[in-house]
Amino acid sequence: MSLRNIVTHPLVLRRLEVLEVSDLTPRMRRVTFGGDELGPFERAGMSFGAFHSPGFDDHVKAIFAASSELQRVLPIQLEHGIEWTESPARITRDYTPRMVDGAAGTFALDFVMHGHGPASDWARRAVVGEPLWVVGPKSSLVLPEGLDSVVLAGDETALPAIGRFLEERPVSAAASIVITTSSPEARQKLALSDGDRIEWVIADPADPEPLLAAVRRAVPGVGSWFLWAAGESRALLPLRRAARREWNLPPERTSITGYWHVEKERSGVALPEVPSPAAWFVVRAALATGLLDDVADHAGTTVEECAVRLTISASAIAAMMPMLAHHGLVNEESGALRVGAPAEVLLADEHAREAYVGVEANALLSLTTLPEALSRGTSPWFSAHGETFVSQSAYDAELHEERQDEASVLRFVGRGVFDDAAWVGASRTLLVGPGAEEMRALAAESGVRAELIAAEQCERDAIVGVSGCDVGVLALALRDATDAEASALFGDLRGVVERLIVVEPVRADALGPRAVEEPIRAFALNGAGVRDAARITELAEARGWRWTRSLALGWGIEALVLER
């Protein structure tokens, strides 16, 4: 589960119109929007609520395209979410609502105007009446209680969120603000309160050192504090590392978000594409053994010194170095080692690490048995481990936690399940699968009065002793299950519940960064890939269930309603 506290909002596609354009500084333009779809509205027979953005760092996804391409790039609006379709012409950018006036039915976005890009170019030519389509916000950050102070840091792109924080004050704690900008013209008058302090740092916003040095000056020596930062992705990497290793801040007291990226031509740096399995294994080992962390902690160290600290053979480290150097992860000059920019990304970003270590990497490792799995008709995970992923996750804490964490997607799309007629008259409900607790929370928010019984596992023994339920919900319980496990679960539930709602991804989310990889990644775990609605229905009907309807929830996830 995510350790940061968030509240989610229905995902709605809205058409806005420009009401006013004004320049706050020579480098920042404010565009104020209105329109019927900022309030409650109807589209295609569906009703949607008014625009809602309670968090200071909320973001909406603005969609940019030529007018001739607009209808092809817009997502499909569902009753309780959206579905992104494949569209190479689509350009999206995330922006923080700077000012929200619900009574007036307006909100504003602030655009940084130096340089060129699809968003800033649009803002340059924006005139009253100009349309803009946006989606979101999908969630809002809730700051922890009992904070003594808050540190807010970033470059000009962070100013809208920082300015909104200072005006709305989601917590009463004093704020220390650090803003890096390449020009004094970017300075704005901000709503500082007694006890606040601010430092404007004139420096290249893509240079991480001035930002880190200024934040070090700003952090409080004592007390409970929260670090919020946003800006250029690579410039935030040392800050991420300092938050974890220098200040020992737990995840629930940090929010560090890369808002933009330096163009590749300028930086010459990107995470390496590693076509060779040998390179992937070397990077994995360098992370798992702590080699990259050690070099980052001891800049200028030698292979021999690393070997002593890590109790690893110096010859083994030396054998890895050419591959690490080739991909820019470690630089060696006269025997002195330093990490490169790609290593900084891996060390600072937990999501980047997951491609090499942890459950995600283990799933990829199981693909080394893909030929054997295909021949035997098993999942690669079973071929590699001798048991299925679902059965192993019943006792493996790391796998269990990973499945729960991935199920957090339901908090964004699952609310629509509880508007279905299946809940009419329901008094006792069984929730099964890694998303059971997420669905329990959504049921409570939706006013479901039925008794809720949650079983996080989808193993057969999780429902032993349960009976007399009106409705059962399989909350991502089939995603990692083999066909045999899914079939057995359908069979067992037939004697427990009268109606069954199966919540599952039935296709890859087209907006996802790895949509093309999703089928083989799913196959590695379940031996079936991403099951579409027809395949899930086929498995259910073989065990005595009848499909009645499907509810599109968004992001490739559907709810299939079955009757005994």
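1. Start with Ser 140. Its side chain makes a polar contact of 2.7 Å with the side chain of His 9. A second polar contact, of 2.8 Å, links the side chains of Ser 140 and Asp 58. Keep in mind that this is a predicted model. Ser 140 sits in strand E13, residues 139-141. With 3% relative accessibility, Ser 140 counts as buried; the cut-off for buried is under 20%. Leaving out residues up to four places away in sequence, Ser 140 touches Asn 5, Ile 6, Val 7, His 9, Pro 54, Gly 55 and Asp 58.

2. Check the peptide bond between Gly 136 and Pro 137. This bond is cis, with omega about 5°. Pro 137 belongs to the loop between E12 and E13.

3. Next, backbone angles. Ala 44 is not a glycine, yet its phi is positive, about 50°. Ala 44 lies in the loop that runs between strand E4 (41-43) and strand E5 (46-48). Is Ala 44 buried or exposed? Ala 44 is exposed, because its relative accessible area is 74% and the exposed class begins over 50%. Arg 169, also not a glycine, has a positive phi of about 50°. Arg 169 is found in the loop between H3 and strand E15 (174-181).

4. Now the open sheet. It has 7 strands, in the order E9-E6-E12-E2-E3-E11-E10, and the pairing is antiparallel. Strand E9 (91-95) and strand E10 (97-101) are the edges, each pairing on one side only. On average, neighbouring strands of this sheet are turned by 35° against each other, direction ignored. Helix H3 (residues 159-168) packs on the sheet and touches E3, E10 and strand E11 (106-112). The direction of H3 makes about 40° with that of E10.

5. Within that sheet, look at one pair. Strand E2 (residues 13-25) and strand E3 (residues 28-34) are joined by 7 bridges in the antiparallel sense. Ser 22 stands opposite Arg 30 in E3.

6. Strand E17 (residues 225-232) deserves a look. 8 of its 8 residues are buried, so E17 is largely enclosed by the rest of the structure. Which strands pair with E17? Strand E14 (residues 149-154) pairs with E17 in the parallel sense over 6 bridges. Here Val 150 has Phe 226 of E17 as its bridge partner. Strand E18 (residues 254-260) also runs parallel to E17, joined by 6 bridges. Gly 231 has Gly 258 of E18 as its bridge partner. Together, E17, helix H5 (residues 237-246) and E18 form a right-handed β-α-β unit.

7. A hairpin comes next. Strand E19 (residues 330-333) and strand E20 (residues 336-339) run antiparallel and are joined by 4 bridges. Val 330 stands opposite Val 339 in E20. The hairpin has 2 residues between the strands, and Ser 334 takes a positive phi near 55°.

8. On to the nonpolar cores. The largest holds 39 residues. Which of them touch the most other members? They are Val 417, Trp 423, Met 439, Val 473, Ile 501 and Val 503. Among the elements giving two or more residues to this core are helix H19 (436-445), strand E23 (469-475) and strand E24 (497-505). H19 gives the largest share, 4 residues. Setting aside neighbours within four places in sequence, Val 417 is in contact with Trp 423, Met 439, Ile 501, Val 503, Leu 553 and Ala 559.

9. Last, Asn 526. This residue is in helix H21, residues 518-526. Asn 526 counts as buried, at 3% relative accessibility. A polar atom of its side chain lies 2.6 Å from the backbone nitrogen of Ala 528. The backbone nitrogen of Gly 529 lies 2.8 Å from a polar atom of the Asn 526 side chain. Not counting residues up to four places away in sequence, Asn 526 touches Ser 379, Arg 479, Asp 480, Ala 481, Thr 482, Asp 483 and Arg 531.

Terms used: Residues numbered from 1 in each chain as written. Predicted model: local features only at pLDDT ≥ 70, side-chain atom pairs only at ≥ 80, totals over all residues. Heavy atoms only, no water. Pairing = 2+ DSSP bridges. Axes fitted to C-alpha atoms, helices over the stretch in contact; angles between N-to-C directions. Contact = heavy atoms within 4.5 Å. Buried < 20%, exposed > 50% of the residue type's maximum accessible area, 1.4 Å probe, protein only. Right-handed = clockwise from strand over helix to strand, strands pointing away. Polar contact = N/O pair within 3.5 Å; in protein donor to acceptor, adjacent residues only side chain to side chain. Core = buried A, V, L, I, M, F, W, Y, C linked by side-chain atoms within 4.5 Å.
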